[in-house]
Amino acid sequence: MFTRRRLLASAAAATLAPNLPVAPARAAAPLAGAQVPGWYRYKLGDFEITVINDGARSFPLFDGLVPGVDKAEVTKALEAAFLPADKATFLYAPIVVNTGSKLVAIDFGNGPGAYAESKGAFGQLQVNLAAAGIDRGTVDIALVSHFHADHINGLLTADGKPAFPNAEIMVPAAEWAFWMDDGNMSRAPAGRIADLFKNTRRVFDALGRKVAQYGWNKEVAPGITALDAFGHSPGHTAYVVASGGKSLYVQSDVSIHPVLFARNPAWPAFFDQDRAKALETRRKVYDMVVAEKLPVQGYHFPFPGVTHLEKDGDRFRLVPAPWNPSI
Ligand SMILES: [Zn+2]
């Protein structure tokens, strides 16, 4: 047994016994000081899916992250998952689906501006796409799940040009109708929502507003069906990707921090625009993926974000797919 006492004793011996025989001295290897490129690939039927790490962003834990729930309860949930109790960290994982006939990217991360400002912590999509050997110019379809900044900012390059110049940009019709409406914009409360209206227009104006709008329950790309998952935003969309008898539920932001919001499916999130509807959607989707044993790809799940969900009493638990060294 490697007891704590023995572990401490051997550590002390190592520091206090300078006369033990040691291996010949070598030059110390310099610390890398940087993470490796983040991308992961797996097969779904005949399709190939590449998950691209856009990085992670931490916010100091604030009152109201879980509206109506005491901050002490939120702290407890973070600690129960062995996470720091004083901050909430959000992860970002867009995907690229190669259907064999089309290259389809779904969601676009925080963008190169955020990459520069955060010194590379988030906004990594374009760097990691290149690391994965995917040329942005070869993407045929750019599917947007909703217009929150962490999903659309990467549609542009650092100098504000289209990052996917040959892609048809496809957006949920309900999302477009809400955010591009001048009346809605004029009534938006100052702060986050007003900023989101401005950011949405900044991005889509730079793209010349050249988008194709799609409805729900329709195939929007080969094997990819858009599904109503609204609540998190007015046109928030999830997808089912299906190929060769296999299906995957791409959940977008049905929950944005699984330790908080899948473990506690009755907790609303500050970032959910219609909280009651977001909770209803989350419950419906998670009951369905559990019943169907459908794998889920989660935009804000721990990288690479492909997982099953299981029921644990009234809660949901992620059972991440094992890392596959070959595909
Ligand atoms: Zn998001």
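In helix α2 (residues 71-80), the buried residues are V74, A77 and L78, where buried denotes under 20% relative accessible area, exposed over 50% and partly exposed in between (1.4 Å probe, protein chains only). These three residues span an arc of only 100 degrees around the axis, which places them on the same side of α2; the arc is that of the directions from the helix axis to the C-beta atoms. An α-helix has 3.6 residues a turn, so residues three or four places apart point the same way. K76 and A80 are exposed on the other side of α2. The buried residues of α2 pack against β4 (87-92) and α9 (258-261), a contact being defined by heavy atoms within 4.5 Å.

The model is predicted: local features require pLDDT of at least 70 and side-chain atom pairs count only at pLDDT 80 or more, whereas totals for chains, interfaces and linings use all residues. Residues are numbered from 1 along each chain as its sequence is written, and side-chain values use heavy atoms, with hydrogens and water left out.

F82 follows α2 and has a positive phi, near 60 degrees. This residue is found in the loop between α2 and β4 and, with a relative accessibility of 78%, counts as exposed. The C-alpha atoms of F82 and A149 are separated by 28 Å, the two residues being 67 apart along the chain.

A further loop residue, N53, is found between β2 (47-52) and β3 (55-60). Its relative accessibility is 19%, so N53 counts as buried. When residues up to four places away in sequence are not counted, N53 touches G38, Y92, Q124, L125, N128 and F303.

The chain as a whole contains ten helices and 16 strands; these are DSSP runs numbered from the N terminus, with helices (H or I) of at least four residues and strands (E) of at least two. Its radius of gyration is 22 Å, close to the 20 Å given by the globule rule for 327 residues, so the chain is as compact as a globular protein of that length. The radius is taken over C-alpha atoms, and the rule is 2.2 Å times the number of residues to the power 0.38. Along the principal axes, the C-alpha atoms fill a box of roughly 75 × 45 × 45 Å. Of the 327 residues, 45% count as buried. Among contacts between residues at least 6 apart in sequence, 66% join residues at least 24 apart.
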